[in-house]
Structure formats: C-alpha cells, structure tokens
Amino acid sequence: MSEEAYRAASDQIVFWQMKCCAHERMHCRDERVDNWPAVRLFQQTMRRIGEACFPVLLPSVPNENGGTVGAERAEAALGELALLRARVCEMEEAFLADSDTGAAIYAYIAAYDGGFAFFGKEKRTVGIDRKAFFVRDDRTGQELFRAKKFRQTRVIQGEKQHFALSSGMRRIRLSGPIAEERHTRMEVVTRALTPDDIHAIAPLEALFRASIETGNPVWWS
C-alpha cells in the first residue's frame, strides 16, 4: 500500500470512529480516576486492609498507563469497591494538612518513601513520613529539615525571591513553594481515612457500572 493510500485509509477509519457510535470517541463513560499519587494511595489502602479482599482490583490497577478489566469482572470489582468504602475508616494514615483549616494537602505514600515534590535546582526531595515533614538532600541522602509543624513564607529580596520553611529556630530555603501559597501553616497529622480520601473509588464505580450495562471492558489510558 502506498503512503497516499495508507493516509486515505487512515482518514476513513478516523471518520468511521467519529460516526459509528452514539458515544464520543466510542466511550460510553470517560472518567479521570486521578493522578498517580492518588492511585498509589488507593493501592496502599487496599493492601493494608488485606490483599485477599481485593482479588480483582489489586491485580487490575496498573502501575503505568494501559490495561483493561473485562466486563465479566466488573460486578466483582464493584463489590470490592463497596467493601473498601465500608472498611477504609478502619485505617489511619498520615497527611500533611493546613494547620488553620485542617484540609489535607498530601497523604503519605509508601511507594514514594513519603516524597511528594522534587526541587531539581537544589536536588532536594520534600515529603512526609508518619511522624513529620522532611527535606532531604538527594545527593547525600542527608535530612536537612524535619518538623511536625512548620510555616511556609515567600521571601522577596530585591528582584530575587525564595520560600522559607521554618519551625522554631530551624529554617531552610527552597526555590519554590511546597504547596499552594494559601497554605502558610502546615503540620503532619494522623487520622482515620474516609472514602473521600480515596479519590479513585467514585470514578471506578461509575466505570464498572457502565461496563456491566454495556458488556464492554474498562480501559486504562
């Protein structure tokens, strides 16, 4: 097949895909499950409850983009999501929270050793463990700052600026904020999880219900 014929055939396929189904892009349901840290928290929580309780979900959740879950497993997956909703409150987790509002900013993710941001200029990772917030030098592995409660402040010096993290007499500077600037006072807290903390539950419920209704698989992309 010539390149010209190949392009023409490809255009015909794309046109057919646009018109052959009542659903946009032939997707009955499109849901954003969430970012990778949220997926890791989803996996982490299921493993803490017990891997045997999630024989469909745990093997099905990908570690990278791609993969499918067949419609024949959708009903079982919905049952496991219902179990997760019911039992998630049995688990406690550490969060970096806004000290003034209590709003969770980041959760502790074991797969990332608690790290949630990397500052390439300084070669530093910031994160939390189940006790405190930390700043670590990635070249040496040395912990440069640790605090359970701390303050974030923008510092402007002439045309230059940086962000300072401080707790009592301890202080460290970074080239950018570790969270949105509206979060000025933060702390590491441990509390019971709720279904709202596991952002993947609701979109997956919608996807598996659509899979049951249509007989089509759930695609990860």
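Of the contacts in the chain with a separation of 6 or more, 57% join residues 24 or more positions apart, where contact means heavy atoms within 4.5 Å. This is a predicted model, in which local features need pLDDT of at least 70 and side-chain atom pairs count only at pLDDT 80 or more, whereas totals for chains, interfaces and linings use all residues. Residues are numbered from 1 along each chain as its sequence is written, and side-chain values use heavy atoms, with hydrogens and water left out.

**Chain overview**

- The chain has 5 helices and 12 strands, these being DSSP runs numbered from the N terminus (helices H or I, at least four residues; strands E, at least two).
- Of its 221 residues, 40% count as buried, a class that means under 20% relative accessible area, with exposed set at over 50% and partly exposed in between (1.4 Å probe, protein chains only).
- The accessible surface of the chain comes to about 13,200 Å², and 50% of that surface belongs to carbon and sulfur atoms; the areas come from the Shrake-Rupley method with a 1.4 Å probe, and for residues only the protein chains shown count as cover.

**Salt bridges**

- The structure holds 11 salt bridges, each defined as a side-chain nitrogen of Lys or Arg within 4 Å of a carboxyl oxygen of Asp or Glu.
- One of them joins the side chains of Arg48 and Glu93 at 3.0 Å, N to O; Arg48 lies in helix α2 (residues 36-49) and Glu93 in strand β2 (residues 92-98), so this pair ties together parts that are 45 residues apart in sequence.
- Within that pair, Glu93 counts as buried at 1% relative accessibility, whereas Arg48 is partly exposed, with a relative accessible area of 37%.
- Asp100 and Arg185 also meet through their side chains, at 2.5 Å, N to O, in a salt bridge, and the pair links distant parts of the chain, with Asp100 in the loop between β2 and β3 (104-107) and Arg185 in strand β11 (residues 185-192), 85 residues apart.
- Arg185 is partly exposed, its relative accessible area being 33%.
- A further salt bridge brings together the side chains of Arg154 and Glu181 at 2.1 Å, N to O; because Arg154 lies in strand β8 (residues 149-157) and Glu181 in the loop between β10 (170-174) and β11, the pair ties together parts that are 27 residues apart in sequence.
- Both partners count as partly exposed, Arg154 with a relative accessible area of 33% and Glu181 at 38% relative accessibility.
- Salt bridges that share partners join Arg48, Glu93 and Arg130 into one network.

**Surroundings of Leu144**

- Leu144 lies in strand β7 (residues 143-147) and is partly exposed, with a relative accessible area of 30%.
- Not counting residues up to four places away in sequence, Leu144 touches Arg124, Val135, Asp137 and Ile172.
- Between Leu144 and Phe134, which are 10 residues apart in sequence, the C-alpha to C-alpha distance is 7.4 Å.

**Second largest pocket**

- The second largest pocket is lined by 16 residues, among which Pro37, Ile105, Tyr106, Ala107 and His199 lie nearest its centre; on a 1 Å grid over the protein atoms alone, a pocket is an open set of points where a 1.4 Å probe fits, with protein on both sides within 12 Å along at least five of seven lines, and lining residues have an atom within 4 Å of a point.
- The elements that give two or more residues to this lining are α2, β3 and β4 (115-119), and the largest share, 4 residues, comes from β3.
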